[in-house]
Amino acid sequence: MKKLNATAEFEAVRRQFLLNKFRRVIATQSQIAIRNAFHATADAPAPRFWVSETRAAAIMGKMLAGNDPTPRMNREKKDMFQEIFRRFMKIRVSSPERSIADIVFDVVNAPAPKSYISWQRVKAIIYKELHRLRRERKEKTCR
């Protein structure tokens with residue numbers, strides 16, 4: 001469970017990636033369908049898995065011990081952790097001497113097949129980022 005006001009170290013990278021991807025999706029549409037753009041952005045391949053190495057390592061440890069916490073997660077998180085676990089086990093079988101943290105670091109920082117974020121959450125992140133950028137521009141012009 002995420003703690004109140006906790007921020008991930010990759011949050012700025014994620015915001016920028018999603019905003020750039022959203023803008024590219026909008027630019028390629030002949031007729032702008034904003035909801036479809038949010039869906040396409042959420043389903044687009046991501047440069048990494050949007051989860052911290054610490055959190056992923058904790059979940060992988062639980063899954064290895066047979067205590068799978070994914071049934072209680074939303075669909076996107078569940079799919080993400082199952083994909084991470086699949087990749088984790090593939091590496092673990094070929095390199096059993098490596099630590100869980102070391103393998104998880106490699107897996108989490110590898111490109112992901114999608115963002116594993118709901119389109120509604122993508123929408124909220126993008127609008128929040130656009131608002132932040134607009135506020136920054138306004139503050140610069142007022143100085």
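Phenylalanine 17 and tryptophan 50 are both buried, a term that denotes under 20% relative accessible area, with exposed meaning over 50% and partly exposed in between (1.4 Å probe, protein chains only). The model is predicted: local features need pLDDT of at least 70, side-chain atom pairs count only at pLDDT 80 or more, and totals for chains, interfaces and linings use all residues. Residues are numbered from 1 along each chain as its sequence is written, and side-chain values use heavy atoms, with hydrogens and water left out.

**Overall architecture**

- The chain contains six helices and zero strands, where helices (H or I, at least four residues) and strands (E, at least two) are DSSP runs numbered from the N terminus.
- Along the principal axes, the C-alpha atoms of the chain fill a box of roughly 55 × 40 × 25 Å.
- Of the 143 residues in the chain, 36% are buried.
- Among contacts (heavy atoms within 4.5 Å) in the chain between residues at least 6 apart in sequence, 72% join residues at least 24 apart.
- The chain exposes about 9,200 Å², of which carbon and sulfur atoms supply 54%; accessible areas come from the Shrake-Rupley method with a 1.4 Å probe, and for residues only the protein chains shown count as cover.

**Aromatic pairs**

- The whole structure holds six aromatic pairs; rings of Phe, Tyr and Trp (its six-membered ring) pair if their centres lie within 6.5 Å, and planes under 30 degrees apart count as stacked, over 60 as edge-to-face and the rest as tilted.
- One of the pairs joins phenylalanine 17 and tryptophan 50, and it is tilted, with 5.9 Å from centre to centre and 45° between the planes.
- This pair links distant parts of the chain, 33 residues apart: phenylalanine 17 belongs to helix α1 (residues 11-28), and tryptophan 50 to the loop between α2 (34-43) and α3 (53-64).
- Phenylalanine 38 and tyrosine 127 form an edge-to-face pair, because their ring centres are 5.7 Å apart and their planes stand at 70°.
- That pair also connects distant parts of the chain, with phenylalanine 38 in helix α2 and tyrosine 127 in helix α6, 89 residues apart.
- Phenylalanine 38 has a relative accessible area of 1% and is therefore buried, whereas tyrosine 127 counts as partly exposed at 41%.
- Phe10, Phe17 and Trp50 make up one aromatic cluster.

- Serine 115 lies in the loop between α5 (100-108) and α6 (119-142).
- With a relative accessible area of 1%, serine 115 is buried.
- Apart from neighbours within four places in sequence, serine 115 is in contact with Phe17, Leu18, Thr41, Ala42, Ala44, Ala46 and Trp50.

**Nonpolar core**

- In soluble globular proteins, nonpolar side chains tend to be buried together.
- The largest nonpolar core has 37 residues, and those with the most contacts inside it are Phe49, Val51, Met60, Phe81, Ile84 and Ile126; such a core is a set of buried Ala, Val, Leu, Ile, Met, Phe, Trp, Tyr and Cys residues joined through side-chain atoms within 4.5 Å.
- Two or more residues of this core come from each of α1, α2, α3, α4 (75-94), α5 and α6.
- Isoleucine 84 touches Phe49, Val51, Met60, Val107 and Val108, when residues up to four places away in sequence are not counted.
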